[in-house]
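Dear colleague,

Please keep it open beside you while you read.

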Amino acid sequence: MSSGAIHNCTPIIHLYVHIPFCARICPYCAFYKERADSSQTQRFCEALLCELDERCTRLRVEPKTIFIGGGTPTALTTSQLEYLLGGFRDRLDLSAMREWTVEANPGSVSPGKAELLRSLGVNRISLGVQSWEEELLELLGREHNAAQADASFHILRDAGFTNVNIDLMFGLPGQTLAQWEATLKKTIALGPEHISAYCLTYEEGTEFFARQARREFREDTDSDARFLERAMVRLESAGFEHYEISNYARDGYASSHNGGYWAGEDYLGIGPSAFSTVGLERYQNVSDYRSYSDLVLAGGSPIGSTEALTAEIKRGERIALSLRTVRGIPSVELNRWPNQRREFEELGLLREVEGNCVLTRRGKLLADSVAEAFI
Ligand code: SF4
């Protein structure tokens, strides 16, 4: 396999694996995904392990975190998950592992799959609930209903998972603050360790984007800010730390994998459409999973595009991502923009805490605009 110059002696401690299969395609989703074709999925799993083998000949891969996302990893059968995750265990030194996450959708969680994942070392599940309102789940085209989401959470607990994230969405067409309050309340009552709350974005190429262009849906940033503010108030008063714009965690449960991305650490991504960043090189695998499998299994490289990064690009990314976190960015990193910094401080959007610049509560509502001024 010729995959270009990606040698690096520093161990890669974050591994991402993309499983592109979904039982149903949600009309707002811009990730690379396809309806699962059971005649292809086993071959695809073989290709993933083959890519991992090849990467391991060039890179020191010693994961402290693994994130298996998609798509819907739990769309694979129990035996395929066993084959794949067992393959990772056979190939990788997992002695330093601290967080192994698998994304799951309530429609495809079963006691058998949950127990298998737990027995193979997975210690964190991210459950795509999105809402507890049936009409909003329908609007989002989700395959599950609220009762299935509730049952899935309990299946995960019964299987021994003590670190569960629940994904939620706000800013949905027609969603009311009262509905959002009810969703937050129900989620808090379930007692997960982590909650991710994402604002809907209209991504080009999706059905929702087309509906927005036809003015069936309307983006409303003021309303989005009210939803975010309500989430901050409710979740913080329930004991969650708002440690990144979209993420809330109980003490000790912040995501280490995402923390690595936000800190600008290197990561290896395998599978179709997955990105990797190693040193000053970023590359992305081809998206179509059939082409991906063909290439990898024939001994070729799945890399579809490569981008040379500069220290300046990486610094800009680190500022934008760090500013979204509770720790913020060391103040010295913003010394080049004294006027912008002073202006944001005077507007009450930014403040200095122990040598770091962090967003205030108001600043969090305008995080992207603040970050843009510094890159
Ligand atoms: S289940 Fe997730 S990955 Fe699949 S289409 Fe829906 S949002 Fe996208």
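**Strands and their partners**

Strand β13 is joined to strand β14 (residues 303-308) by five bridges, and the two run antiparallel; helices (H or I, at least four residues) and strands (E, at least two) are DSSP runs, numbered from the N terminus, and two strands pair if DSSP finds at least two bridges between them. Within this pairing, Asn285 has Ile303 in β14 as its bridge partner. This is a predicted model, in which local features need pLDDT of at least 70, side-chain atom pairs count only at pLDDT 80 or more, and totals for chains, interfaces and linings use all residues. Residues are numbered from 1 along each chain as its sequence is written, and side-chain values use heavy atoms, with hydrogens and water left out.

On β13 (residues 281-285) there is also an antiparallel pairing with strand β12 (residues 275-278), made by four bridges, in which Thr277 stands opposite Arg282. β12 and β13 form a hairpin with two residues between them, and Gly279 in the turn has a positive phi of about 60 degrees.

Elsewhere, three strands form an open, antiparallel sheet in the order β15-β17-β16. Because β15 (329-330) and β16 (350-353) stand at the edges with a single partner strand each, one side of each is left without a neighbour in the sheet. β15 pairs with β17 (residues 356-359) over two bridges in the antiparallel sense, and Pro330 stands opposite Asn356 in β17.
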